[in-house]
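Here are my notes for your reading of this model. Keep the structure open beside them and find each residue as you go.

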Amino acid sequence: MDIKLFSDVIDALAKAGDILKAVVGYPKGQRDKIQETLNETYRLLDTTLSMVIIRLGDIRLKDEDELLKEAACLGNYEAWMNAEREFRLCASLRKAIREMETVIGDFSGRVSTKDWESLLGQMRAILKSEYEVAQFIAEQFSTLANDASRAERTGDAKAIDDALREFRESLIAERETLIKQELKLREAI
């Protein structure tokens, strides 16, 4: 299963960390603030992935009838999007971007404009992906729910279990990549 969207977010986080390391002349306090924001973003994305992985795993532990019923309930798109809105995955990132956009003049001559714009660009890319990630998960849930509803009529739980397993394994792989990137960033800064 191709879940490039998560890879794009993880890539943007890694690039933001690399650029932050390269920005010369940026005050330590501000650098630490951005670092903490990136760390929070890693943790929140990890939490989101973990929640979905756990939910899919719980469903797979059910007997065939319950598995189909539980999978059919995944299609509640509004509930997932409301949870995402309440969770506000990137609230600290939004704040950091606003602050960075207003303080660039204060560091004129000490910070490369190119590095600064690159860092802001990567942080904006992460932020832009917030809604897309939630929507991607909701769409995957909806597809699984529709397939499960059809399978309830035929009693074919194996195909749904396989689809749940495949999606879950893909998310686990993305989570592992995310964790490696976060560790790499922590070691470098």
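**Notes on the model**

1. **A charged patch.** Asp63, Glu64, Asp65, Glu152 and Asp156 form a negative surface patch. Asp and Glu count as negative and Lys and Arg as positive, while His and the chain ends are not counted. Patch residues have over 30% relative accessible area and no salt bridge, with like charges joined within 9 Å. Each charge is placed at NZ of Lys, CZ of Arg, CG of Asp or CD of Glu. One member, Asp63, sits in the loop between α2 (28–60) and α3 (64–72).

2. **What you are looking at.** This is a predicted model, in which local features need pLDDT of at least 70, side-chain atom pairs count only at pLDDT 80 or more, and totals for chains, interfaces and linings use all residues. Residues are numbered from 1 along each chain as its sequence is written, and side-chain values use heavy atoms, with hydrogens and water left out.

3. **Overall build.** The protein has seven helices and zero strands. Along the sequence, the pattern reads α-α-α-α-α-α-α. Helices (H or I, at least four residues) and strands (E, at least two) are DSSP runs, numbered from the N terminus. Of the 189 residues in the protein, 43% are buried. Buried means under 20% relative accessible area, exposed means over 50%, and partly exposed lies in between, with a 1.4 Å probe and protein chains only. The areas come from the Shrake-Rupley method.

4. **Aromatic pairs.** How many aromatic pairs does a search of the whole structure find? The search finds two. Rings of Phe, Tyr and Trp (its six-membered ring) pair if their centres lie within 6.5 Å; planes under 30 degrees apart count as stacked, over 60 as edge-to-face and the rest as tilted. The ring centres of Phe136 and Phe167 are 6.4 Å apart and their planes stand at 65°, so this pair is edge-to-face. Phe136 belongs to helix α6 (residues 113–154) and Phe167 to helix α7 (residues 157–188), so the pair ties together parts 31 residues apart in sequence. Phe136 is buried, at 14% relative accessible area. Phe167 is buried too, at 1%.

5. **The other pair.** Phe141 and Phe167 also have ring centres 6.4 Å apart, but their planes are at 90°, so the pair is edge-to-face. Phe141 lies in helix α6 and Phe167 in helix α7, so parts 26 residues apart in sequence are tied together. Phe141 is buried, as is Phe167. Together, Phe136, Phe141 and Phe167 make one aromatic cluster.

6. The whole structure holds eight salt bridges. A salt bridge is a side-chain nitrogen of Lys or Arg within 4 Å of a carboxyl oxygen of Asp or Glu. Arg175 bridges to Asp46, with the closest N and O atoms 2.4 Å apart. This pair links distant parts of the chain: Arg175 is in helix α7 and Asp46 in helix α2, 129 residues apart. Arg175 is partly exposed, at 27% relative accessible area. Asp46 counts as buried, at 18%. Arg55 bridges to Glu70, with the closest N and O atoms 2.6 Å apart. Arg55 lies in helix α2 and Glu70 in helix α3, so the pair ties together parts 15 residues apart in sequence. Arg55 is partly exposed, at 31% relative accessibility.

7. Lys69 and Glu66 form a salt bridge, with the closest N and O atoms 4.0 Å apart. Both are in helix α3, three residues apart, so about one helical turn separates them. Lys69 is partly exposed, at 44% relative accessible area. Glu66 is partly exposed, at 31%. Elsewhere, Lys158, Asp162, Arg165 and Glu169 are linked in a network of salt bridges.

8. Is Leu61 buried or exposed? Leu61 counts as exposed, at 72% relative accessibility. Leu61 and Asp161 are 100 residues apart along the chain, with their C-alpha atoms separated by 9.5 Å. Thr47 lies in helix α2. Thr47 is partly exposed, at 33% relative accessibility. Thr47 and Arg175 are 128 residues apart in sequence and 9.4 Å apart in space, C-alpha to C-alpha.

Terms used:
Patches are made of residues with over 30% relative accessible area and no salt bridge: like charges are joined within 9 Å, nonpolar side chains (Val, Leu, Ile, Met, Phe, Trp, Tyr) within 5 Å. Accessible areas come from the Shrake-Rupley method with a 1.4 Å probe; for residues, only the protein chains shown count as cover.
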